[in-house]
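The reader may wish to keep the sequence and the coordinates in view throughout.

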Amino acid sequence: MTSNMRWRVILVLLVLVLAVWRSSYTFRFLSMDETAKEQMAAEQLEDLKANSLSLGLDLQGGMHIVLEVDKEGLPADEAVDAMERAVEVITNRIDQFGVAEPSIQIEGENRIIVQLPGLKDEQRAKRLIGRTALLEFIAVAPPAETDIVLRSIDRALVEVLVASGEMSLESETGLPLTESEQLEKEHPFSIRARYLQQLPFFLEKDVAWAKEQLERIDLDTVLPAHPTDLGMPRYRIAWAQDVRHFGTEEGYLAFYVLEREAILTGSSIVSADVRPGLDQDNPNAPGVSMRLSRSGGRTFASHTGSHIGEYLAVVLDGSVYKAPVIKSRIPSGTPTSITGGFTDEEAKDLAIILRAGKLPAPMTVIEERTVGPSLGRDSITLGLRAMAIGFLLVVIFMLIYYKASGVVAVAALVANILIVIGIMATLPVNPRPALTLPGLAGLILTIGMAVDANVLIFERIREELRNQKTVRAAIRDGYERAFMTIMDANVTTLIAAAVLLRFGSGPVKGFGVTLSLGILASMFTAIVATRVVFDLITVKWNVKKLSI
Amino acid sequence: MEFLVGTKFNFLGHRRAAFFLSAALILIGVVSVVVQGGLKLGIDFAGGVLLQVRFENPVSAEDIRSTLEAIGVEEAEIQHFGGDREAIIRMSADWAKQHDAAGEVLTALNESMPDNPAEFMREELVGPKVGQELRGKAAMAILYALIGILIYISIRFEFKFAVGAVAALVHDVAITLGFFSLTGRGLTLPVIAALLTIVGYSLNDTIVIYDRIREDRRKLYGKSFVDIVNTSLNESLSRTIVTSVTTLLVVLCLFIFGGEVIKDFAFALMVGIVVGTYSSVYVASPLVVEWQIAAEAKKHRK
């Protein structure tokens, strides 16, 4: 054995040992069932998992969301780190929701990619991630002011209705207007409101109509002006979240006129958790109990101390959840709560959001791909089956067509697959490329294409043998002549695979990964590894006739 | 075992017929695309929402449609998917923006068909902006791949070879797209990945033959170019067929056994491999020959 030969043998053995070792974790991990995993020590399982191939979301099931952050309207100083803060908030929320190994990354200027593997409750996760959840404590305008606002709305609406010809202030019948007709014409909006507990309520079925009317007028100019903030209205309008019945069949929704500026927002909350029995009228309703920060508590105490007897609204995302009358000063440190209309889950999610902080800017889901667990399982089963059958067919073909040399090619094929899996399970990049469904297809395709390098070589060797060369010369020349062809042919496929890696996302990228690794591995196995086998055999046994 | 060894097929003799066949195949595809008003785009590129649902028992598209209409989803496209128990529902992103699409559709289906429970399999939502971006990216990807390949072959071979190879690639992609249009399949991201693979694969084949031509030109100095190319095609024929057969075997397995999700992807590969093999023999090499003949004729006139 020459020294060059010795080095090649060592290299091939080294690669093979490494490939078998690095891919063994994956095979062990994937072949274990759930009970076996449970019985294993947590540390050991963790180690096994960390060293094994990770499956893409399309194979293990899960959710891939791309969110776009709307940074417009943020002050410049806040826009700078808005993305980082958004990621932090989302990470906190997801951590509390309890998903194993979430991946949250910023992409480009204003996008965030969230990947949640093995998720069971996609819809809830989606709501939790993208929700702004703006919680505010706001003073309700005194009844006299509420009246003024309602009158202003009436006046503005009359103008709009008359201008559009939908209503005339004159009598349509020619008869003089009765008092109630007069009232209805002058107060088209407030006529439908009922006063209960000093607050205006609208019948549930009138609410859609009322909202529509409010859309038709320019509330900013209709509402009384702010005393100090010029050009801005003093109040804003909000609806109650919950329908009230007051012992009748019909439901009513409260209409609130709120101060424009909140006394406190969710950012003053230091802790929040779900607790029953917060609502005296409905003790089983779940609610969220919150503790305020020290400065928030002080602000709250001073407001409640000076506004006894007035209403204070707890507003979430613009809807009033409750608006109790302030009975006494609430000292700093007293927990406060929000209840009404929540399911257990909604209350839990709200608590999570309040604890984890508020998103710095609104977000929208612009892309989402979710694969249910059964589809993922199906894909693995079907993919592996296709791979097994394809592999078997290729093996049979190679053995028939190339006989003993076919065995070498098949061994190279197996090594090839082990090398690809081993590399994919070892790559130190983060996140490590996962095996996706197209990736699995790429691996299957590699089986077909990896044979190609061997086919090129074997066909060459056969040709050289037909030219009456000795076995060793034929092998030497066959490999040498095929070398350049293999290089040229594979570089072009690599170009295509590289483009896929750059351009693709998720599943498609996974295809690029297995395809390019497969090509590289096949070049090694075909050019170096099988050559070593042939050389060893011909040198050792001085083969006179090659089975090819 | 060996076959196709020592053959003396006159491939180039049929090159006119082959050009005609290629042109006809491309034309059929173009007509199909034009008649259908463009290539059918999957939701990756068109934007929208795709829901895949599996029922316990067979279900009719009409039942699904009426349920969807009851909850305000108009103009949904409903298709059975690998059997009559599974369905794919495509709808516009407008409705999904306001609603929790998967949750509401599934609830509605289970309420309207209580004795045939539905299970969530997959949801894909692509906003219009993302769809547009992906279209641009896919086009750029194919363009980049073609340019990269053109440069590589120009360096490794003469320019006329590069032109022949790229023409063969465009031919392969065009025919594969034509087949997609004819069979009513939509273009998705994985299909683009398959097209790029076809580009790589077909080229692989072409280059092996080109390599042989380059070698035979030295070896058979003095023979006519047509004869040299014919010899090269015959010499590499067994390799061309063997590789195509093994690759086709595994892709066929993928198509048959790989499941519905990957079917279009496998279909593209399958068509591409057949067409790619054909084009390296009947498009890429004959074009180089035509170029050479034209160049020689020009030289003679001078």
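Two strands are taken to pair if DSSP finds at least two bridges between them. In this predicted model, strand 15 of chain A meets that criterion with strand 4 of chain B, residues 118–126, since 5 bridges join the two strands. The two strands run antiparallel. Within this pairing, Arg369(A) stands opposite Glu124(B) in strand 4 of chain B.

In total, 56 residues of chain A are in contact with 57 residues of chain B. On the side of chain A that touches chain B, the elements giving two or more residues are helix 7 (122–130), strand 15 (363–371), helix 14 (373–426), helix 15 (437–466), helix 16 (471–503) and helix 17 (507–541) of chain A. Helix 14 of chain A provides the largest share of that side, with 15 residues. By residue class, the side of chain A that touches chain B comprises 35 nonpolar, 12 polar and 9 charged residues.

Chain A is divided into three parts by the domain assignment: domain 1 (3–54 + 372–541), domain 2 (62–132 + 366–370) and domain 3 (135–358). Between the C-alpha centres of domain 1 of chain A and domain 3 of chain A the distance is 67 Å.

Strand 5 of chain A, residues 194–196, pairs with strand 6 of chain A in the antiparallel sense over 3 bridges. In this pairing Leu199(A), in strand 6 of chain A, is the bridge partner of Leu196(A). Strand 5 of chain A and strand 6 of chain A form a hairpin with 2 residues between the strands, and Gln197(A) takes a positive phi near 50 degrees there. Strand 6 of chain A is also joined to strand 8 of chain A by 3 bridges, and these strands run antiparallel. Here the bridge partner of Phe201(A) is Ala254(A), in strand 8 of chain A.

Chain A averages a pLDDT of 85, and 98% of the residues score at least 70. Among the elements of chain A, strand 8 (residues 252–259) has the highest mean pLDDT, 92, whereas strand 14 (residues 336–339) has the lowest, 75.

Chain B has 11 helices and 4 strands. Its assignment gives domain 1 (11–41 + 130–301) and domain 2 (48–126), and 39 Å separate the C-alpha centres of these two domains of chain B. The C-alpha trace of chain B spans about 80 × 45 × 30 Å along its principal axes. Chain B has a radius of gyration of 24 Å, while a compact globule of 302 residues would have one near 19 Å. Buried residues account for 49% of the 302 residues in chain B. Among contacts in chain B between residues at least 6 apart in sequence, 78% join residues at least 24 apart.

One residue of chain B illustrates separation in sequence against distance in space. Lys8(B) lies in the segment before helix 1 (15–35) of chain B. Although Lys8(B) and Leu233(B) are 225 residues apart in sequence, their C-alpha atoms are 9.2 Å apart in space. Lys8(B) is exposed because 7 other C-beta atoms lie within 10 Å, and a residue counts as exposed at 12 or fewer.

Technical notes. Residues numbered from 1 in each chain as written. Chains lettered and ligands numbered in written order. Predicted model: local features only at pLDDT ≥ 70, side-chain atom pairs only at ≥ 80, totals over all residues. Domains from an automatic or database assignment. Contact = placed C-beta atoms within 7 Å. Nonpolar A, V, L, I, M, F, W, Y, C, P; charged D, E, K, R; others polar. Rg over C-alpha atoms; globule rule 2.2 N^0.38 Å. Buried ≥ 20, exposed ≤ 12 C-beta atoms within 10 Å, placed from the backbone. pLDDT = per-residue confidence, 0-100.
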